[in-house]
Amino acid sequence: MKIVDLKLRELRGVLEHPEPFWEERLIMPLDVYPEFRRRGANFMPGVGDGRYDLRAVFLEIHTDDGVVGLSGPCSRIEAFIIDTALRPLLIGRDPLAIELLWDLMYRATIHGRKGEPMMAISVVDCGLWDLKGKALGQPVYRLLGGPTRTSFPAYASALGFSIEPEAAARRAAQFAAQGYTATKWFFRDGPADGPDGVRRNLALAAALREAVGDDVDIMLDAWSSWDVPYAIRLANELAEFGIRWLEEPVLADKLDSYVEIQRSSPIAIAGGEHEYTRWGFRAIVEKRAMDVLQPDIYWCGGISETVKICALASTFDRPVIPHGHSSHATAHLIASQPPTTCPIQEYLVKWNIVHQFFLADPLHPVAGAITVPDTPGLGLAIDHSKVTGMRELNFRED
């Protein structure tokens, strides 16, 4: 079997949602500057009457045997890198030799060990695993050594929901009623917002705890936008609400700051969403800078690399709870790992409506748990009834 083509298809469709889809945005690193802090939550364009224009790029890896691996969605930047830099390395190669292909792509992108080039490699890697599962007639979790279990808990990640205390409390109570045993919420305020921002952050935590009681875990995310003194202060003040973890308090490259916060925090510190490859995570675990590791399968190097990160983390007794960018690939990875290594899956409630919009079999939790699909590959297929337009992207000059 040989790879004969890589096709990048941009799909277009219309999502119908009767109310404003993005109610609020999370705090962002750029919010240290006032002109950025005032920006709202306009993450995708509306076309009127509760309808939103969606576009998504999917990668198809074609073989001479007719087996096609599917991956995505991904960004146009990642698509450009795949089409121009990675494609020449893959055409004519054995798609089942995933370790070889990963190493070729990694060595060829020496100037792109992190960021979009590694994200592009991740997209290809996930597509290769989908192809391998289809070629061998097995779900990917079996090829990775699983299943250790086929169903596991998910937590409701509330990105995009209103964080006004009463609204957040109502939504968190709904999550608990749906069977979720954990929920994560995103701060909007940071050091630049002064004492009022501190009060708003604490009010959010208090409202969530009152809404869900003592038996539901609450996690809180600062998305790399705080500083050390602020994070330590908030961690100590948030402790009374029994927070399971505080996520990404500072920028990913400030590992010594993570160490300082982690040592001074009564709450577990999580991070790694914006870190890449086993080499990036090696420094985290050796310094014991984080209590929970959160690589993103579609960013950190793909399924192949996340398996290695899990092995590394397990030697330091650090749980891996991947960032929730991809439901299918993440579920297969978790199903192949011991529950002590990967205890729970993140489910971004709003984002997964968008991310899985074009999929024929979207993966959603039932009663707070995800059941991994047992179809060959990752279980990805396009629902063409939702596609109102499609074009193949070609960034090459030939």
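How many positive and negative side chains does the protein have, and how far apart do the centres of the two sets lie?

1. Charges: there are 41 positive and 53 negative side chains, with the centres of the two sets 3 Å apart. Lys and Arg are the positives and Asp and Glu the negatives, while His and the chain ends are not counted; each charge is placed at NZ of Lys, CZ of Arg, CG of Asp or CD of Glu.

2. Ground rules: this is a predicted model, where local features need pLDDT of at least 70 and side-chain atom pairs count only at pLDDT 80 or more, though totals for chains, interfaces and linings use all residues. Residues are numbered from 1 along each chain as its sequence is written, and side-chain values use heavy atoms, with hydrogens and water left out.

3. Overall build: the protein has 14 helices and 13 strands (DSSP runs numbered from the N terminus: H or I of at least four residues for helices, E of at least two for strands). Its radius of gyration is 21 Å, close to the 21 Å from the globule rule for 398 residues, so it is as compact as a globular protein of that length. That radius is taken over C-alpha atoms, and the rule is 2.2 Å times the number of residues to the power 0.38. The C-alpha trace spans about 60 × 50 × 40 Å along its principal axes.

4. Among contacts (heavy atoms within 4.5 Å) with a separation of 6 or more, 74% come from residues 24 or more positions apart.

5. Helix 13 is worth a look: nine of the nine residues in 327–335 are buried, so this helix is largely enclosed by the rest of the structure. Ser326 caps its N-terminal end, with a side-chain oxygen 3.3 Å from the backbone nitrogen of Ala329.

6. Next, Asn352, which sits in helix 14 (residues 349–355). Asn352 is buried at 0% relative accessible area, and its side chain makes a 2.8 Å polar contact with that of Ser327, itself one of the buried residues of helix 13. A polar contact here is a pair of N or O atoms within 3.5 Å; within protein, one must be able to donate a hydrogen and the other to accept it, and residues adjacent in sequence count only if both atoms are side-chain atoms. Leaving aside neighbours within four places in sequence, Asn352 touches Gly324, Ser327, Tyr347 and His364.

7. Finally, His111: this residue lies in the loop between helix 3 (98–108) and helix 4 (116–136), and counts as exposed at 82% relative accessibility.

How values were computed:
Buried < 20%, exposed > 50% of the residue type's maximum accessible area, 1.4 Å probe, protein only.
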